[in-house]
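User: Could you walk me through this structure and show me how to read its features? I would like the general idea each time, and then the case at hand.

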Amino acid sequence: MRIRHRLVAALLVLPLASGLPRLPPHPAPGQLVLVPTPDDAELAHARQEHPKILKQFGRYPNEELQAYVQKVGERLAAKSHRPNLIFRFTVLDSPDVNAFALPGGYVYITRGLMAYLDSEAELAAVLGHEIGHVTARHSVRQISAAQATGLGLNIGAILAPELRNKAAQDLMNVLGTAMLRGYGREHELQADRLGAEYLARVGYDPHAMIEVIGVLKDQEEFEVARAKEEHREPHIYHGVFATHPDNDTRLRDVVAEANKLEDKAVTLPAHHSVYLDHLRGLTFGPSAREGVVRGSSFYHRGLDFAMHFPEGWTVENQPARLIALAPKRDAVMQLTLEERNRRIGPAAYLTKHFGETPKDGKPLSVDGQKGYTGLLDLKTPFGRRESRVSVLFRDKQAFLLAGAAKDPKRRARFDGEFLTATRSIHRLTAKEKALAEPQALALVKAGPKTTYEALARKSPLADHAEARLRLLNHDYPKGEPKPGELLKVVR
């Protein structure tokens, strides 16, 4: 989200020639739109933001896969309403299920989303949708719409050197949210329409658009169920998959319209096996630079540490924290890592961090690291609870841990587990360095007796392994493999 806001800030400070120019009729279907950035400015600032996105997410280090996605994307872009624009397609090294685009032809798809697609046609559907956002200039139209609906941002505010006023911040939030979660029902449907049209003109079956939305709807349903189970907000990323169900009549009408444009002389197969071959060895879940969860343990090669949570606890590696949940979801632990900037002791560090001195405090010594632990009343997923807090110092870093129980009367019962997990933090052993390597996709052929239950028993996936394997293979929630079918599994 921070990246999207930086992009908006860059767009907002563009020097404008003379007010807001009215562009000639837009090449994609739609009305004349007042936009605050001319094409050259779009391109210049997309070039400026592209390196920031790569720095934040990372470019997936597989050049063969990058070239494959670029090739598929270029076919579609050549048939788009802006064929003279040079499009750049990038696979991001992120486990998130997402795709988005910058103005100017920069299109991004995460390896996390690619893992759940099942054919080249489905990949083309995602890329085509994002190309549609670019050709319809939805990002700059979003700014115009925000201005027209009373955010009160005028040319003076756009050109002002300081963007801390409320109107500018509101506009930044509008476009930042749009790029992360979608542009609203009408713009998303227009991107669907354009994407389906580009699929048809290239020779792919436009029905792939509906298949992708069905797959991602399953992914969303699974995530919502997990979030409810884990007492947190669901991580749902892109508006296209939230704005309509796969049986939406309007979407099916869009696909039917696109079918009329299909060039029957140039028909491409879905390329199921070709696509899957490109997924062999694809990193699944967090990469080595983010740390790897295996069972109830966590290994981080870059930070050179491992941590073991109690047996049966579910561990989730989130971008800014590590979360562990007890088997019955009646207790939670959180680990965060901070840079130390002051020469103060562990006890003073905890007091400064939380704003009050922990009760029943005592020093800790773990793997040669100095620390301190105590009790504080904190806001938790269960409400305010007395929580076990601890800090461990290592070099110039501080490991901060907090644990809480759902039932306040059971905090003492979990206290031993909180402290045991804290004391498990240590530098990686030689054997553990191998465990810090990420999980990856592999392909297996289903036999007559292959079931997802059997595959899940052999899977390294820490939780919901059976459901995850069904999602990967378009069989969620109850489907089973067909003999001879090529299946994605996790190694």
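Analyst: Gladly. Let's start with a term: a nonpolar core is a set of buried Ala, Val, Leu, Ile, Met, Phe, Trp, Tyr and Cys residues joined through side-chain atoms within 4.5 Å. Keep in mind throughout that this is a predicted model.

User: With that in hand, which residues have the most contacts inside the largest nonpolar core?

Analyst: They are Leu76, Ile109, Met114, Leu117, Leu123 and Leu127, in a core of 65 residues. Helix 5 gives the most to this core, contributing eight residues.

User: What does Leu123 touch, leaving out residues up to four places away in sequence?

Analyst: Leu123 is in contact with Tyr68, Val69, Val72, Ile109, Met114, Leu117 and Tyr275. Tyr275 leads us to helix 12, which spans residues 272-279.

User: What do the buried residues of helix 12 pack against?

Analyst: Their partners are helix 3 (63-78), helix 4 (111-116), helix 5 (120-135), strand 15 (439-445) and strand 16 (486-490). Just past the end of helix 12, Gly281 has a positive phi of about 80°.

User: Which residues are buried in helix 13?

Analyst: In helix 13, residues 346-354, Pro346, Tyr349 and Leu350 are buried. Their arc around the axis is only 100°, which means they sit on the same side of helix 13. The cover over them includes strand 10 (331-339), strand 12 (369-380), strand 13 (383-394) and strand 14 (397-405).

User: How should I read a strand, then?

Analyst: In a regular strand, side chains alternate between the two faces of the sheet. Strand 9 (residues 322-325) has both faces covered: Leu322 and Ala324 are buried on one side, Ile323 and Leu325 on the other.

User: Which strands pair with strand 9?

Analyst: Strand 8 (residues 314-317) pairs with strand 9 in the antiparallel sense, over four bridges, and Thr314 has Leu325 as its bridge partner. These two strands form a hairpin with four residues between them. Strand 10 is also antiparallel to strand 9, again over four bridges, with Leu322 opposite Leu335. Strand 9 and strand 10 make a hairpin too, with five residues between them, and Arg329 in the turn has a positive phi of about 60°.

User: How many salt bridges does the structure hold?

Analyst: There are 28. Take Lys488 and Asp118, whose side chains meet in a salt bridge at 3.6 Å, N to O. This pair links distant parts of the chain, 370 residues apart: Lys488 is in strand 16, and Asp118 is in the loop between helix 4 and helix 5.

User: Are the two residues of that pair buried or exposed?

Analyst: Buried means under 20% relative accessible area. Lys488, at 1%, therefore counts as buried, and so does Asp118, at 13%. Compare Arg59 and Glu63, with closest N and O atoms 2.6 Å apart: Arg59 is partly exposed at 37%, and Glu63 is partly exposed at 49%. Salt bridges can also join into a network, as for Glu223, Arg226, Glu316, Asp463 and Arg468.

User: Finally, how should I read regions where pLDDT is low?

Analyst: Where pLDDT is low, the predicted coordinates should not be read in detail. For this protein chain the mean pLDDT is 81, and 77% of its residues reach 70 or more. Over residues 1-27, however, pLDDT stays under 50, although the model has 75 contacts beyond four places in sequence for them. Residues 30-37 are also below 50, with 28 contacts beyond near neighbours in sequence.

Conventions: Residues are numbered from 1 along each chain as its sequence is written. Side-chain values use heavy atoms; hydrogens and water are left out. Buried means under 20% relative accessible area, exposed over 50%, partly exposed in between (1.4 Å probe, protein chains only). Contact means heavy atoms within 4.5 Å. pLDDT is the predictor's confidence in each residue, from 0 to 100. A salt bridge is a side-chain nitrogen of Lys or Arg within 4 Å of a carboxyl oxygen of Asp or Glu. The arc is that of the directions from the helix axis to the C-beta atoms. Two strands pair if DSSP finds at least two bridges between them.
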